[in-house]
Each structure stands twice: as C-alpha cells, then as structure tokens.
Amino acid sequence: MTELLFREDAYLRDTQATVTAHTPEGGIVLDRALFYPTGGGQPGDSGAIHWDQTTLKIATTVKGEKEPVVLVPAEPAALPPIGAEVAQTLDWDRRYRHMRIHTALHLLSVVVPLPVTGGSISSEKGRLDFDMPEAPEDKEALTDALNALIEQDLVVSESWITDEELVANPGLVKTMSVKPPMGAGQVRLVRIGQGDDQVDLQPCGGTHVARTGEIGRVRIGKIEKKGRQNRRVNLLLDD
Ligand SMILES: [Zn+2]
C-alpha cells in the first residue's frame, strides 16, 4: 500500500521513501507518495529524487495501471534499485501555484452556481466549463465576488464520508465530468469556510491551500463559448 502523503499534508515538500517497484514504461513506484499524480484536472507533480550520489529529475507523476502513483523520469537514466532509500523533492513553486489555482476554482464554482462539466489547472491559470447557455453579463462583478471570498481568508478543511453517504447526497457533486474519487469505501470532502461562513463543500482528491487568503488576487479571463450549452470560464492569478 502506497501512503498518499500529498493527501495528508499538501505542504510537505520533501521526504524519504523506499522504491517498491519499477513499471514496464520506466516509472518509479515509492512506498510514500509525496508527488500528486495527474487527476481531477490537476497536473502531476514534478521535482527530483536523490540516492547515493545521483539525482534524477522527475518530469511528471501519473496513476499507474495498478499503482496509484508512478514517478516519470524526465529522461532515460538508470533507476534507483528496488529497495533503495531515496529522498524526494517537490518542485514546490509549481505545486503551490496548482494548489492556489485549484482552490480558486472551488470558489469559482461558488460565484457561478451552475453545474460544472469540466475543468483544468496549470501553473499559469485554471478553467471550469459550466452548463451555462448565456454568458454572464458582468465579468468584473464575478472577479470582485471571487476576490471578496479570497479576502475573507476562509479555512479550507477536509472530512471523509462513505461511498454510500455520497450516493445518498448527490447534491454534493458539482462536477459532472469528473467522477468523485469513490471505490476506496471513503470519499474526501473539501470544505471552504466553517459554520455560518461555509461557502463550499464538495468531494475532491486534489491539493488545496489551507486558507483562501493564500490564493492572492485573481481575475476572470476569457469566457469562451464551447458548444450550445457550455461556457469555459478562465481564471488567472494576478501574480
Ligand atoms: Zn479540490
């Protein structure tokens, strides 16, 4: 069983691990996963692993056929042997931007309260596709509403429910295209704000900042028409 460290503590930047397998494609499997694997619209993490006198750059991280997390080396090179102790170091600047944009997209789904049909994140920007026949008239008002939520510096927290509880509460699922991470018996819920200040609650397996203030100022970019029913809303960090 791989320990999913990125889920327990999204702020962990480096840690030790043991190599448990190599994949036929040349990927590396560790017993403790610091790197987030591509999924839910969020890119896989990059960084490096170190052992003996060797450093191997990791270009990205993906889900394997059986393994939940596989590190993909940036170039063909000798892999650390199975059983080797390695140090893994995240490209933190890139991951932290993913965390900020990812959390901002949760807030975008609050200020645009429509069903989400898709989404994607990069270190530059994020976007959500909405079931939205008419474009919103006032983009500035959306930007202002987003920044107001960010400035409230709301706490982002998580809790777990069973698959059955999620099935019994379908209203929790805003995103129709990305199935909630079910199947393990438990689903993680991400909550923004608490008590009377709660603004959002939805199943999500990604990485988030601890408080919305960390996102910093954002702005709504282009709103593109994607088919008859869909609009793509782009969101950019201001720095
Ligand atoms: Zn999320």
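Tutor: Start with the largest nonpolar core, which has 21 residues; Ala-104, Leu-105, Leu-107, Leu-108 and Leu-235 have the most contacts inside it. The model is predicted: local features need pLDDT of at least 70, side-chain atom pairs count only at pLDDT 80 or more, and totals for chains, interfaces and linings use all residues. Residues are numbered from 1 along each chain as its sequence is written.

Student: What makes a set of residues a nonpolar core?

Tutor: The members are buried Ala, Val, Leu, Ile, Met, Phe, Trp, Tyr and Cys residues joined through C-beta atoms within 7 Å.

Student: Why is Gly-206 called buried?

Tutor: A residue is buried if 20 or more other C-beta atoms lie within 10 Å of its own, exposed if 12 or fewer, and partly exposed in between, with C-beta atoms placed from the backbone. Gly-206 has 23 C-beta neighbours inside 10 Å, so Gly-206 counts as buried. This residue lies in the loop between β13 (200-203) and β14.

Student: Which residues does Gly-206 touch, not counting those up to four places away in sequence?

Tutor: They are Gly-40, Gln-42 and His-102. Contact requires C-beta atoms, placed from the backbone, within 7 Å. A separate value is the C-alpha separation of Gly-206 and His-98, which is 9.4 Å for residues 108 apart along the chain.

Student: How do you know that β11 and β12 pair?

Tutor: Two strands pair if DSSP finds at least two bridges between them. β11 and β12 (residues 186-192) have seven bridges, in the antiparallel sense, so by that definition they pair.

Student: What makes β11 and β13 edge strands?

Tutor: The open sheet has the order β11-β12-β13 with antiparallel pairing. Both β11 (156-162) and β13 pair on one side only.

Student: How many bridges join β14 to β15?

Tutor: Seven, and the two strands run antiparallel. Val-218 stands opposite Leu-237 in β15. Their hairpin has three residues between the strands, and Gly-227 takes a positive phi near 80° there.

Notes. Helices (H or I, at least four residues) and strands (E, at least two) are DSSP runs, numbered from the N terminus. Two residues are in contact if their C-beta atoms, placed from the backbone, lie within 7 Å.
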